[in-house]
Each structure stands twice: as C-alpha cells, then as structure tokens.
Amino acid sequence: VLIEVAACGVCRTVLQIATGDLPPRKLPIVPGHQVVGRVIEVGADVDRAQVGRTVGLVWLAETCGECRYCLGGRENLCLAARFTGWDVDGGYATQVVARADFAFDLTDLLTPKVGPHRHPTDVAPLLCGGVIGYRSLRVAGVTPESAGLKLGLFGFGASARLAQQVAHHWGVETYVVTRSPREVEAALASGAVWAGTYDRRPPTSLDAAVTFAPVGTVVVAALKSLDRGGCVAINAIHLDDLPPIDYNDLWWERQIRSVANVTRTDVVEFLSIVAKAGIQTEYEELPLSAANDALARLTVGDVRGSFVLNCGS
C-alpha cells in the first residue's frame, strides 16, 4: 500500500541508528517507525477497499511467514524480519510504501465516539512506545489477571508512561525508579504507589520489573529489587555493557529476559485495549522539517513524553 503520511513519532531507536549505536542496515534510509497515514493506492493483490483507510505502521515491517518462529507465533524472532526505518524506508516523509498485511487499521481509535484520540498525532506514540511497552509487560509476566502484582518501571519516558497505564488498567501496582525528580513527580501524579531516583530502592520487593533505560546498571538495580521468582524484562534494542551480576541476586529463579521487537498479535491486542483503558499519549508536535531538531533535543533529554512529527501538508 502507498500511504500518505499524516504523523510519525520520534523514537530513541532512530537516534541510535543516526549516531551509529545501531549500525545502519541500508543507506540512504528514511527513518521513522511510528507512522499514521491514509492509504491512497494499493498493489494489484490488495483489496481496493483499503483505499481511504487510516492505518499505522510499527517497527516490524516484514517477516517470512514460513520459518519455525513465524509458524510458532513468534514472528518477532524471524531471521528474515525487516524493520521500518532500518531495512525499509519509514515515515519521516510525506509518503511511504508498506506491506498491506503489516499496516494496522486505526479507524476505531480515530472515531470520536469510540476512543479518546482525535488526531493522528495522538496515535503515533502508541505504535512504538505503546506496543513495545505492552509486550514488555507480557514478557515480564504481567497479564490482565495480574491485579495486585507489584511492578517496577525503571525509567519513565514515553514507553514507560504508556506501560504504566496498561498496568493500572489491569489493577497492577507500579513502583517507578527514574533519573530525575521531575520524572519522579510525574510518576506519582500518574498513580505510582512509590517513585524515586536511581540512588534509591523501592520500599518492597517487586514481583516483576521492566527496564526502559538502555543502561546495564539499571538492569542490575531492577534485578536486586525483585522478589523470588520475579522477572526483569529489558525494553531496549541497544544496551551498554551489562556489569557483573552477583549470583545471589539471580538465585531463587529470578530471570532476566530481553524484549525483541513485537508481533502483529501484540499490536492488535494493545490497540484493542487503548480506548477501554483510556490510554493517553503525552507529546510535543513538531513539523516534519524539524526532525533533526527533535533528535538533537532527544539527545540531551529535552522532551516530555515524546515528539511527533506532523507530516501532513
């Protein structure tokens, strides 16, 4: 499908590709993988009814559909997977081409009577931070049946804020450890039971944790906060060195798991609960021409929530 781009979110992964922390897979490349737009043309084998639909694109752009991972419901691990803005051109543009079966219908989210979102810029942050945050919760063992569970969120950027809203919808208690007093205040204001900076430890042992900062020491801090049998899910595509781990901190069947991409099922499940959970996005809207400015500000942490590029005319 050919999509006329309305909005595209700005993700830290783009910054990592731009700076070389993630080696580019194709050059030149158009970045951006939180894409919202309208289908304006379709390929020969695509139903013409798709024209005019508002759709979203995520990081996962293509899988083979034939390997043991794809056939086993784990297409996020497909060896032939390709990714939006890394292997194929993304949404920092006015138009983008994508596989129709990896474009997600956003009609319900943009229908006023159904959900709280009114504009493509409201929805764009959901398509990366939201869906990967959702998968991170599931990898950490947090489910709709987890009411009363104690969850640690280590870092409180855009993805953590969305994951917290999902967790609260499921009745999960959140404990936030983050870098700045401003983020501590934001976490408490949004319903965290407790929040503190990285030099502090949650006042109780946690049943599960998700780390959002791409820093190995944060993973170790999360592990030290876990109760027996707990799991730390690492929500990062790039991580600096992981320091030595005292086996006593891992003992008693504690786990560390990475979160690698998402599946289309993750996306559909997450989008289906956005309206029911009343999930809201926090972002600053910028014109497409300010994409480099957004990345520069992201480098120094000058962002509240996330940036979204308005790519419409």
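1. Arg228 lies over the face of Trp252, at 3.7 Å from the ring centre. A second contact of this kind involves Arg25, whose charged end sits over the ring of Trp86, 4.1 Å from the centre of that ring. Both descriptions refer to a predicted model.

2. Trp86 also belongs to a cluster, in which ring pairs link it with Trp59 and Phe83. In total, the structure holds 7 aromatic pairs. In one of them, Trp59 and Phe83, the ring centres are 5.1 Å apart and the planes stand at 20 degrees; the pair is therefore stacked, as planes under 30 degrees apart count as such. Trp59 is in the loop between strand S3 (54–57) and strand S4 (60–62), while Phe83 is in strand S5 (residues 82–83); the two are 24 residues apart, and the pair links distant parts of the chain.

3. Tyr134 and Phe270 form a tilted pair, because their planes are at 50 degrees, with the ring centres 6.1 Å apart. Tyr134 lies in helix H4 and Phe270 in helix H9, so this pair ties together parts that are 136 residues apart in sequence. Tyr134 is buried, with a relative accessible area of 4%, and Phe270 counts as buried at 0% relative accessibility.

4. Helix H9 (residues 264–277) has 14 residues. From first C-alpha to last, H9 reaches 20 Å, close to the 20 Å expected at 1.5 Å a residue. Its buried residues are Asp266, Val267, Phe270, Leu271, Ile273 and Val274. What covers them includes strand S7 (104–105), helix H4 (129–139) and helix H5 (158–169). Just after H9, Gly278 takes a positive phi of about 65 degrees.

5. Strand S15 (residues 306–310) is largely enclosed by the rest of the structure, because 4 of its 5 residues are buried. Which strands pair with S15, and in which sense? Strand S1 (residues 2–10) pairs with S15 in the antiparallel sense over 4 bridges, with Gly9 opposite Val308. Strand S14 (residues 283–287) pairs with S15 in the parallel sense over 5 bridges; here Glu284 stands opposite Phe307.

Technical notes. Residues are numbered from 1 along each chain as its sequence is written. This is a predicted model: local features need pLDDT of at least 70, side-chain atom pairs count only at pLDDT 80 or more; totals for chains, interfaces and linings use all residues. Side-chain values use heavy atoms; hydrogens and water are left out. Buried means under 20% relative accessible area, exposed over 50%, partly exposed in between (1.4 Å probe, protein chains only). Two strands pair if DSSP finds at least two bridges between them. The expected span of a helix is 1.5 Å times one less than its number of residues. Contact means heavy atoms within 4.5 Å. Rings of Phe, Tyr and Trp (its six-membered ring) pair if their centres lie within 6.5 Å; planes under 30 degrees apart count as stacked, over 60 as edge-to-face and the rest as tilted. A charge sits over a ring if NZ of Lys or CZ of Arg is within 6 Å of the ring centre and within 35 degrees of the ring normal.
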